Structures are given as C-alpha cells and as structure tokens.
Amino acid sequence: MRASRVLLRPVGFAGFGLLAVVLFVAVFGPVLWGDRAAVVETGNLLDGPSAEHWIGTDNLGRDLFSRVLVAARLSIVLALAATAISMVLGIVLGAAPMLVGRRLGRLITAGVNVLVAFPGVLLVLFFAVIFGVGARGAALAVGLAGAPAFARLCHTLVAAVSERDYIAAARIAGVSKIRVLVRHVLPNIAEPLIVNATMAAGGVLLTFAGLSFLGLGVQAPDYDWGKLMQDGLNGIYVHPLAALGPGIAVVLAGLAFNLTGEAFAAAFGIGETSGRVRREAPATADREHAVAAPEPGAVLSVGDLRVTIPGAQNPIRAVRGVTFAVRDGEAVGVVGESGSGKSLTALAVARLIEQPIRVEADHLVFAGEDLMAGGDPESLRKRLGTSLAVVFQDPMTSFNPAHRVGPQLAEVSRFHQGLSRRAAFARAVDRLRAVKIREPERRARQYPFEFSGGMRQRAMIGMGLMGTPRLIIADEPTTALDVTVQRQVLELLAEVRRDTGAALLLISHDVSVVTDVCDRVLVMYAGRIVEELPAADLRTLARHPYTRALVAAVPDMETDLTRPLAVIPGLPVDPAHIPDGCAFAARCPLADDRCRAVEPPLLSSPAGDRVACHKAGQPLPADTVEVTA
Amino acid sequence: MSVLSFRDVSVRYGSHTVLKGVSLDVAEGQTVGLVGESGSGKSTMARAAVGLAPVTSGQILLNGHPVPGRGRERPVQMVFQDPYSSLDPRMTVGESIAEAMRDRLGKKARQAEIARLLALVHLDASRAGDLPSRLSGGQRQRVALARALAARPEVILADEITSALDVSVQGAVLNLVRDMRRDLGLSMLFISHNLAVVRYVADHVAVLYAGEIVEYGPTAQVLGAPRHEYTRTLIDAIPGPGRSAHTMTLKEQT
Ligand SMILES: Nc1ncnc2c1ncn2[C@@H]1O[C@H](COP(=O)(O)OP(=O)(O)O)[C@@H](O)[C@H]1O
Ligand code: SF4
Ligand SMILES: [Mg+2]
C-alpha cells in the first residue's frame, strides 16, 4: 500500500530509480570496473575526454570514469556509516531523558540544544582534527557532528508520543520504561526518523566529499568522490570534467537520497493532498425531489444540496440531496451522528467548501441572494460576510493563533464595511463587550491561546456580530465546553438573536441542547434528512426509528435508572458505500425486505413535518437488541 | 470498607495548586462519580492515584496501604478520555490487552484470556487481531476497558470515557460500565462533566470546584437536593427536560 503510494508520485519514482542505480553501482562497481580503474596507461597521463576515456585519465593514466564508478562504494558506505552513527547516538541521547531521572534528563536536553546551536561545519572540523585524518576518523567526525540534530528531533518525537494516553496506560499496567520505549515509543517514531535519516544521508555524502576534498578524509591509495575531486582540481582549467565528474556523482547520489526521503515524507505525512484529483461526472442519477422553488419568506432556502468528496475508489457522497428552509428569526437545529453530513451541510451553505470537494444544489438562496450563481467568490464573500455569521466547534482553529484577538475581529469590519483601523478596533472592543467578555480592551490585545475555551467561543460569536447577521450558523458551538460554560454560550446566542432578530442554524449531536434552543429540528442520517419536526415534539412524537433511538440513547436527569440505556446497534453507514434502499435498514429494528430494496422518500405531512420511513410511527419492538457500539 | 482512599491530597505544579487537600473514599463495589468544570482538578485526582501526577502532600491508600507503583501488581487502573490516543496504533487489540496482564501466560492461555476479556466488554474474540485503526471510537473505549480489566484491578478510574463518543455509542459504553460493576463487583471512580451520565452510573457523587470537594453524598441526594451553591449552578446548567425555566430564557425571542 505504502510502497505503491511512494512509487506513484513522480518525486518518489525519480528518487527510487536514482537510488536503485546509485546502490547498484555502489555494490557492483568495484567488481565490474575495478580492474579497468586500476590499469595504468603511461602513454595517456592526464588526458582529456576521449571515446575511450569519457572524462579523461588521471596522472597515472587511469580511466577516471571507471574510478568514479568504483568510488561509489566507499563514498556511499562512509556516508551510511556516518549517518548510522548520528542516528544511533541521536536516538540514545534523544530517548535518554525519558529513561533517566528528571534532572539528568533536563541536563541532557540542554546539552543537546547547545550542540545543535553550533554550526555543523565547525563541529565536523573539530572532530576531524580530534580523530585524525583518514576514512575512519572522518566517518566518526561526521557521525558525531550529526548526532545533536538527530537527538533533538528524536527528543521532540519521543516527547510527543509520550503524551499519548497509551503510554500512560502501559506505565500504569506496570510495563517497564525500557519496554515502553522499545514497544511503544520507537515504533511510533520510526517513520519520521527514517525519513530524516534518508535525507541526512544525502547531506552527509556532501560533507564527506568536502572532507576528502580538503584532504581530511579518505587517503590514497583509497579514493572516494571527494578525493577524486581533489585530484582533478589541479587540472580544472584544462580538463574540467576530471573534477566535475565525481562532483556530478555526488550531486546525483545526494539527490537520490533526498528525493527518496521526500517521497517517504509525503507518503507518511498526514494531511498531504495528492495532486491527482479525479473529477467525476456530476452525479445526477438519484435525485428524488422535484426541483423545488426557493421558499418565500425564508432567510435561507436550500434545495437538493449535494456535497461530494472525491475518494480513491468511490466518490464519497457526504450530503445526498438535502432540502430545507430557515425562516426569518427562526432557530433550526440539525442533529445526527458524526459523519452524517451535518457540518458539510453547514459549510456548504456558508460557501466555505473549496476544491476538490464539490457542492451542487438546485438552489441555495440566502437573503434573496443566489449563492450558487457564479460571480467571483471575493464579492460573494463580501456580501455574505456581514449578514451571515459562522461559529465553529473549536474556535482555536478558526482564530489565527499568531494574531491578537481584537485585530482579528477588526479585520472583518475593515474588509466588509471599509472601516478605518481605529474605528474597526473600537468596534471589536465593543463587540467583545457585547458578548460579555470582561475587560474587553485588555482582552482584545491578547492572543487566542490566552483565552479559555468558553471565552474563545464568545469571541467567535463576537466576530460574527461585527456586522448585523441575519443568520448565525453554529456548528457544535458548545460541544467542547463544560455545562456551565455551555449554558452561558447558549444564553449569549439566545440574547444575540433577541437583539438582532437573526435566525439560527444550530448543529449539534446533543439532542437536549437542540430541544432547548430550537424551534424546529432536522434529523440527518447518511447525508439525508430523515425527519423534520418541531423541537418540542422530538422526545415524544418523533416517528422515524432513528430519531427515536437517538433520543432514547441519551440519558437525561429523568432517565429510568433501573433499565439499560437504549442503544443503536451497529455502525453508521460508510458514506463511500451507501447501500440500496433505506440507509438505516442495517440498524433498524423494523427493517424488512422492502426497506432494504426501496429507499423511503421524504414525505411531508399536512402540518409541514417530514419523515422518510416506510414504517414511520410504527411501534418499536420493546426490547431493542444490544450489539457492539 | 473503603478500597481507594484519598486522604488530604494536595497536588501542586510550580506555584499553581491544583488539588487542595482533597479527601474522598471509594468503597468496595461502589461507583463514585466525580463532577466539576474543566480545570477543577478531576483528571489530576485520578492521575495522582496512579502516579502520573506528583502528590505534594497527603496520601492515597488502597486497602489501607499506599497504592503500589512498582512491579507487575497494579490493582488501580485508569481508562482515558480520548479513544484515539488510548491505544497504540501499531499494536493489535490482543497485544495491547496482553501487555497489561499480570501473569506471564503461555500462548494458548493468553489467547483464551484475551477472548474472555473481550467478551466482558462485548467484543468478538476475532477482534484480537485487529489494529485500532479498524475500530470505531466506542470499540476502542471497550478495548481500553478490557486492557484495564486485564490487570485484574480492584479499582478502575474512568476519566471522561464517554465524552469523546457519539451519543449513539455513549449509551452502550455506559451500559457496559454498569454491567461490569454488577457482574465483577468493581469499584470505580467515574469522572465526567455530564451530570446526567453520572446520575446514571454512580451511587455517590463528589463535586470538585477549584481543587476542593465542595459537596459529597448519595447521587440522588446531591443531584436532587444540592446544598452547595456551585452544585446548584451545575444542575441548573443542564439542558433537557425538567429544566423548563431555562428553556424559556433560551427560546424567548422577538
Ligand atoms: N502537568 C501539569 N503541569 C502544570 N499544570 C497542570 C498539569 N496538569 C494539570 N495542570 C493544571 O491543573 C488544573 C486541573 O487540571 P485537571 O486535573 O486536568 O482538571 P479537570 O480534569 O477537572 O479538567 C488545570 O488548571 C491544569 O492546567
Ligand atoms: S424505512 Fe425501514 S429500515 Fe428505514 S427506518 Fe424505516 S422501517 Fe427502518
Ligand atoms: Mg479532565
């Protein structure tokens, strides 16, 4: 899997190809060309390039091209040996703080940091002098000089992994420190270490060539590329290829290591997106709603919204035709499990989704404005900016950590309302005050990390209030917060809506929050709305089996303590493989053959409620089976 | 008789005192809920009991003796909040569980024991060969529980073990916690900021506020007739039915 991913990239392909050639030459060079490289031709001393000697001969008339090929082995072996020394020492020094006591550990870390600060060249020369000239001394010198950088990298990686709970769990279970290191830590930092070692090997190769070139490295009669370069230097103006030939070899081999390292890094890396995005033909096959007109009187009207994420094999249909409206001043909740498409729906409405994810809709009308109509995104965002506010679950990711909070809020008004810097900042302070942040002047000058979670969330709402929003989209705004802080944030939202008359689209997996705050609720499952009903009816009058299970699964302060909690058996549908028929059928206690074959349409009742279920409202079997979560 | 006992425990990080002389008993077979806002010191209390936080003064006793912090015998086990951090991504479920076992077992016996533990947390024995990446969040928390059980503990410290889970999964894990207590007679310190969850699993509740326990008692009593101001604030903040006064303030609008 991984290997194929590495090879499929152009960088990886080039890197591996080159590395294979280099290693082949290193292994077989002396065998194949060793004799030829040793032949002394007294008639051809210091010859230039010819058909017989491609890059000429040396002062004994030996063929330089063969010698470059033969030198590959020593050059590569020395580079790898030095890298290995760096790596082993680095791992020992980097992991030591975890094993030894706190004080000694700090001392080691400090020492490593001091060494890292020294220029590498200085260290190499220093050690080269200590260990004396020659291949072995040079390898030790380069290896030692490279160790501090590895140690620091290793230390950082170890520290990051040590934070993970599984390390704590192993310690609590009585696993010894050494065992924890070997079994848990090292395997989990191996990938970045290998990547770095591969890249470092390229650099070491260069350093080595430099040392030999200076006469500190490999000594005659042995020769590596650096030595060959040094030998060729005398005639550089007459026969430049004699010096350049081995130089090119160094560059090619270095490149081979670096590109391979890059390719590994890219393959291991997370969040790295590949350049190849497949564009699928628009999925028009399964629209079930007739094209509906935008609902009059609604601040937001969404018709047959679809969001598709290009996937490796199947496109992931995360939102599969969602139609709903939010009327002026109304609060609409969206509930469902994670992965049901709630957040993507919200992001799509706010036009915050970018390529390669595809958003399609019959219509997407906000405040009389068609958001799906072309036009440049710049002006669209400008118009949206002040009338549509968005609040996310983790405002830490929505604020730029490098900028102070006040100016970030002010930015909104400067961009959207063309206020001056000073006026915008004043408004920011005013808005922070409006969201009940104490000492707003001082707070405005602080960075996001100086705010607590609840305060950041309020500041985020404050950012939405820089204009006069007609709709606030809040995606799990209180999920990461404590009950008391959650209450404050919800009250703030309610107050803001009272003052401005803004409508609210509140996304939450917490049924209780939605019932408290919202007028109407949309229940989503596998990218579709499966039920819509008044929030007041959610607990008692829901008709879809999924909605009823969702409500029953959450304990509240009145839950019957004598009975097990209701659970929803099985797992949510994988949006890349949505089954035929009702998507909930595999988990539904009422499912029958019809459910598995025919997808139930979302039907409206006269009262305006909607439900998509063949057996809506039928009683559930009393004893819902419990299966793995 | 109390199994786990915090006696006047303080924890200080630098100049910041996180726990201020906390005393709490977890009796045999009892589940004690620990509630409070984030930063109040709930996790620190649990971590101190297993040696992950430095106890500045006071004592944490197990059956009257200090909690063992060396050797294979580890009768106090902890389960963590984040299901994505609590299992080594490179170890199979079976390996993770086997690591926590007290005794060295032969291959056959080990596999049987893994299967037994997986069955206790309602997972199929075939899961033993899976890597965590193939498990859902709820399944990971079950494995983390099985790992804790593998050490044959007397007390389990559960730190927000359902907070990161979807509601549909949370219920199943809570049922499991209650089953385990009923079937295995385990003692448990159950940490959560969700009062409805604590109400469902705990027989006693302690309320932690700024590093001090401000209220303690039987769950029904503490949640039904809170005496401390802070407990009342906590209860008033809960969304959901029975809190109609607040529902009004949240919905009231032009
Ligand atoms: N290793 C640590 N170093 C310094 N401060 C810490 C450390 N661990 C926790 N704290 C502090 O202790 C306080 C209590 O934290 P914690 O026990 O995690 O609370 P809770 O679990 O109730 O949210 C917090 O203010 C936190 O910042
Ligand atoms: S359509 Fe059938 S399977 Fe789907 S929710 Fe309704 S009863 Fe269950
Ligand atoms: Mg905590």
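This is a predicted model: local features need pLDDT of at least 70, side-chain atom pairs count only at pLDDT 80 or more; totals for chains, interfaces and linings use all residues.

Modeller: Arg327(A) is partly exposed, at 38% relative accessibility. The partner of Arg327(A) is Glu330(A). Their closest N and O atoms are 3.5 Å apart, and the two form a salt bridge. Glu330(A) is buried, with a relative accessible area of 8%.

Next comes a group of linked residues. Asp304(A), Arg306(A), Arg358(A), Glu360(A) and Asp362(A) form one network, joined by salt bridges that share partners.

The side chains of Arg306(A) and Asp362(A) meet in a salt bridge, at 3.9 Å from N to O. This pair links distant parts of the chain, 56 residues apart. Arg306(A) sits in strand β1 of chain A, residues 298–309. Asp362(A) sits in the loop between β4 (358–360) and β5 (363–366) of chain A. Their surroundings can be compared with the pair above. Arg306(A) is buried, with a relative accessible area of 9%. Asp362(A) counts as partly exposed, at 27%.

Another salt bridge crosses between chains. Arg90(B) and Glu191(A) meet through their side chains, 3.5 Å from N to O. Arg90(B) lies in the loop between β6 (76–79) and α2 (93–99) of chain B, and Glu191(A) lies in helix α8 (residues 177–213) of chain A, so the pair joins two chains. Arg90(B) is partly exposed, with a relative accessible area of 40%. Glu191(A) counts as buried, at 15% relative accessibility.

These pairs are examples from a longer list. A search of the whole structure finds 35 salt bridges over all chains.

Now for some context on chain A. An unreviewed UniProt entry annotates "transmembrane region" at residues 12–33, 74–100, 112–133, 193–216 and 236–257 of chain A. Two of these stretches can be checked against the model. Over residues 12–33 of chain A, the chain is 100% helix and 0% strand. The end C-alpha atoms of that stretch are 29 Å apart. Over residues 236–257 of chain A, the chain is 82% helix and 0% strand. There the end C-alpha atoms are 28 Å apart.

Note on methods:
Residues are numbered from 1 along each chain as its sequence is written. Chains are lettered from A and ligands numbered from 1 in the order in which they are written. Side-chain values use heavy atoms; hydrogens and water are left out. UniProt positions are given in the numbering used here, feature names are shortened, and annotations may be inferred rather than shown by experiment. Helices (H or I, at least four residues) and strands (E, at least two) are DSSP runs, numbered from the N terminus. A salt bridge is a side-chain nitrogen of Lys or Arg within 4 Å of a carboxyl oxygen of Asp or Glu. Buried means under 20% relative accessible area, exposed over 50%, partly exposed in between (1.4 Å probe, protein chains only).
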